[in-house]
Amino acid sequence: MTKPPRKPRPIGLKKETEEPSLKSGRFRRPDFKKPQLQLDPMPARVEPCLAELTSRPPKGDDWRYEIKWDGYRAHIHREAKGVRILTKNGHDWTHKFPAIAEAALALSPTTYIMDGEIVMLDEQGRSDFNLLVRSLGGRSGNRAAPDAICMVFDLFYHNGRDLRRMDYSERRQILEEGVAGATGAIRLSEEFDVDPDILLSKACELELEGIIAKRADARHMPGRTGTWRKIKCKQSDTFQIVGYEPSSSPGLLSSLLLAQDTNGKLRYAGSVGTGFKERDLRELKTALDALKVDKPVIPIRTTRKNLVYTTPALYAEIQYRGWTTDKKLRHPSFKGLRSPEEL
């Protein structure tokens, strides 16, 4: 069931610490309307908290649960001079989402920075990433997507106050008060007060991406710190392409060589040779041929010959069933390319 609106309660400010689970001290909720209060400077950009992939959801009263949306992560900056919509990597995509920018202007006269996911919904109300990409004119397109919406789930800044040291649950409460019930281009990503295993099962039954679990008492922690976790219905992840095996058919390739980024270091993760359409194979070979290098960028142990090595500039979404004992992907299948903005 959808979580009912929370009753108003005091807002806490977290003590500076490297431990994300440390409980915050309590303090009186700030009155944002008092002009005599000194304002916090508005950040030009906020590094996002990234969800760590896990196989099962964490449980306990300290966790909050939402549906996982499949789109582009974005921060909406409502500033005195207007609105900016920034991607996860800081690119300004305001011009691509005019309806979201208009909704942000109309939402409140105050300044704020909201965190959310820009999506396109199919007829069943499910986020459809391919529909969003097509609306933008393809992966390299620059068209506007007027029907895109932003599902918001966090708040970093509000009316002169930096909220990043507050607990997530406290930031979320302020966000709910501002956007709960909104049905336009900006909408609240609902929390669900239910056993996460049941929520995950229902999400998979409805053919959704999965669910997100968020630590309620964690301040904003950029990067993958474990305070946010994603649990997917199908095991998949993004890998960097470091080469390919040519096909006997001219203009095609047979398989992709994959690498995984582990703590900033690339490691060979095996190859994928299924899930492709012929158009994929032609477009991939053309793109990868422009990235050829003489030697592999990472150690690759294989008996295959005539491999073509490339710089790891392209990313592939791979669905798989697990890992072998020598840390290679089991039964991988190619799902499509991803851009750095989607990672």
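Two strands count as paired if DSSP finds at least two bridges between them. Helices (H or I, at least four residues) and strands (E, at least two) are DSSP runs, numbered from the N terminus. What you're looking at is a predicted model, where local features need pLDDT of at least 70, side-chain atom pairs count only at pLDDT 80 or more, and totals for chains, interfaces and linings use all residues. Residues are numbered from 1 along each chain as its sequence is written, and side-chain values use heavy atoms, with hydrogens and water left out.

View 1. The chain has five helices and 20 strands. Its mean pLDDT (the predictor's confidence in each residue, from 0 to 100) is 86, and 87% of the residues reach 70 or more. Strand β4 (residues 63–67) has the highest confidence, at a mean of 98, while strand β1 (residues 12–13) has the lowest, at 28. Contact here means heavy atoms within 4.5 Å.

**View 2. An open sheet of four strands.** The strand order is β3-β12-β11-β4, with mixed pairing. β3 (52–53) and β4 stand at the edges with a single partner strand each, so one side of each has no neighbour in the sheet. β3 pairs with strand β12 (residues 228–232) in the parallel sense, over two bridges. Where does Leu-53 find its bridge partner in β12? At Lys-230.

View 3. Helix α3 (residues 168–179) touches β4, β11 (210–215) and β12, and its direction makes about 50° with that of β4. Helix α4 (residues 196–205) also packs on the sheet, touching β4, β11 and β12, with its direction at about 150° to that of β11. For these angles, axes are lines fitted to C-alpha atoms, for helices over the stretch in contact, and angles run from 0 to 180 degrees between N-to-C directions.

**View 4. Around His-75.** This residue lies in strand β5 (residues 72–79). Is His-75 buried or exposed? His-75 is buried, with a relative accessible area of 4%; buried means under 20%, exposed over 50%, partly exposed in between (1.4 Å probe, protein chains only). Its side chain makes a polar contact of 3.3 Å with that of Asp-115. Such a contact is a pair of N or O atoms within 3.5 Å; within protein, one must be able to donate a hydrogen and the other to accept it, and residues adjacent in sequence count only if both atoms are side-chain atoms. Beyond four places in sequence, His-75 touches residues including Val-46, Arg-84, Ile-113 and Phe-156.
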